[in-house]
Amino acid sequence: MAALLDIPSSKRWLPLEANPDVMNQFLWGLGLPEDEAECFDVYGLDPELLEMVPKPVLAVLFLYPITSQSEEERLLQANEKKETSSKAYFMKQTVGNACGTIGLLHAVGNITSEIKLLEGSFMDRFLKTTATMDPLERAAFLENDTEMEVAHSVAATAGETEASDNADAHFICFACVDGELFELDGRKSRPISHGPSSPSSLLQDAAKVIQDMIRKNPDSHNFNVIAISKKAGGSS
């Protein structure tokens, strides 16, 4: 599922399902080698359930419902006078329902020091081409990228649920960059810092933020957490 946007755009994609198998095939097809990283379901946010997730965790994806509470908080953050961090790879979302793909781009874009993409692959070329762009330029580049649009469409129709562009939920990504936990949400104006973190505590730190978001939306139940973990034997 994905979110409706506050940024007007005529282009809308089908939403990506919160399904590790779908996301793995999508990422591997774009140039992330199978022996480098893999997506896994996070079955709960209690410490014992977090321990079941394969380590090390490189990034965390969170799907949550768009509610009046979540929108109010997003608008409050947009009005805060804070400098935009240049540490994290971040892009805006201008394509409807593209949040799943943007979440994966945020994840991979911030872990390139931990993984080795296939040289010349789509993901390798996309991240190198957009490396010096600002968040809106990256959004425009994605919007005009037919190769990514086709790949996203194939992934969106590969899920177990019937694809529909009438979505009311949204993907965001959590990544640790230079010892700091960042929330990367293309509907927000900038990366949101949630304080100190480390590669070894990323999953637990993200879980705390996610639990807080869930508590603020007690009437909602459509939440999903997926971890992207490094495979044993992958590059360092």
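Modeller: What follows is a chat about the fold, some backbone details, the cysteines and the rings.

Modeller: This is a predicted model, where local features need pLDDT of at least 70, side-chain atom pairs count only at pLDDT 80 or more, and totals for chains, interfaces and linings use all residues. Residues are numbered from 1 along each chain as its sequence is written, and side-chain values use heavy atoms, with hydrogens and water left out.

Biologist: How many helices and strands does the chain have?

Modeller: Eight helices and six strands. Those are DSSP runs numbered from the N terminus: H or I of at least four residues for helices, E of at least two for strands. The order along the sequence is α-β-α-β-α-α-α-α-α-β-β-β-α-β.

Biologist: What share of the chain is buried?

Modeller: Of the 236 residues, 53% are buried. Buried means under 20% relative accessible area, exposed means over 50%, and partly exposed is in between, using a 1.4 Å probe and protein chains only. The chain's accessible surface is about 11000 Å², and 52% of that belongs to carbon and sulfur atoms. Accessible areas come from the Shrake-Rupley method with a 1.4 Å probe; for residues, only the protein chains shown count as cover.

Biologist: And contacts between residues at least 6 apart in sequence: what percentage join residues at least 24 apart?

Modeller: 75% of them. A contact means heavy atoms within 4.5 Å.

Biologist: Let's do helix α5. Which residues there are buried?

Modeller: In α5, residues 122–130, the buried ones are F122, M123, D124, F126, L127 and T130. They pack against α1 (20–30), α4, α6 (135–143) and α7 (146–156).

Biologist: What about the span of α8?

Modeller: Helix α8 covers residues 202–215, and its end C-alpha atoms are 20 Å apart.

Biologist: Why would residues three or four places apart point the same way?

Modeller: Because an α-helix has 3.6 residues a turn.

Biologist: Backbone next. Which peptide bond is cis?

Modeller: The one from K55 to P56, with omega near -5°. P56 sits in the loop between α2 (47–50) and β2 (57–65).

Biologist: N97 has a positive phi; what is the value, roughly?

Modeller: About 65°, although N97 is not a glycine. N97 is in the loop between α3 (68–79) and α4 (99–109), and it is buried at 0% relative accessible area. D178 also has a positive phi, about 50°, and is not a glycine either. D178 lies in the loop between β3 (169–177) and β4 (180–184), but at 63% relative accessibility D178 is exposed.

Biologist: How many disulfides?

Modeller: Zero in the whole structure, taking a disulfide as a pair of cysteine sulfur atoms within 2.5 Å.

Biologist: C99 and C173, then: buried or exposed?

Modeller: C99 is buried, with a relative accessible area of 1%. C173 is buried too, at 0%.

Biologist: Last topic, rings. How many aromatic pairs?

Modeller: Four. One of them is F62 with Y64, stacked, 5.7 Å centre to centre and 25° between the planes. Rings of Phe, Tyr and Trp (its six-membered ring) pair if their centres lie within 6.5 Å; planes under 30 degrees apart are stacked, over 60 edge-to-face, the rest tilted. Both F62 and Y64 are buried.

Biologist: Which residues do ring pairs link into a cluster?

Modeller: F62, Y64 and F223.

Key:
Expected span 1.5 Å × (residues − 1).
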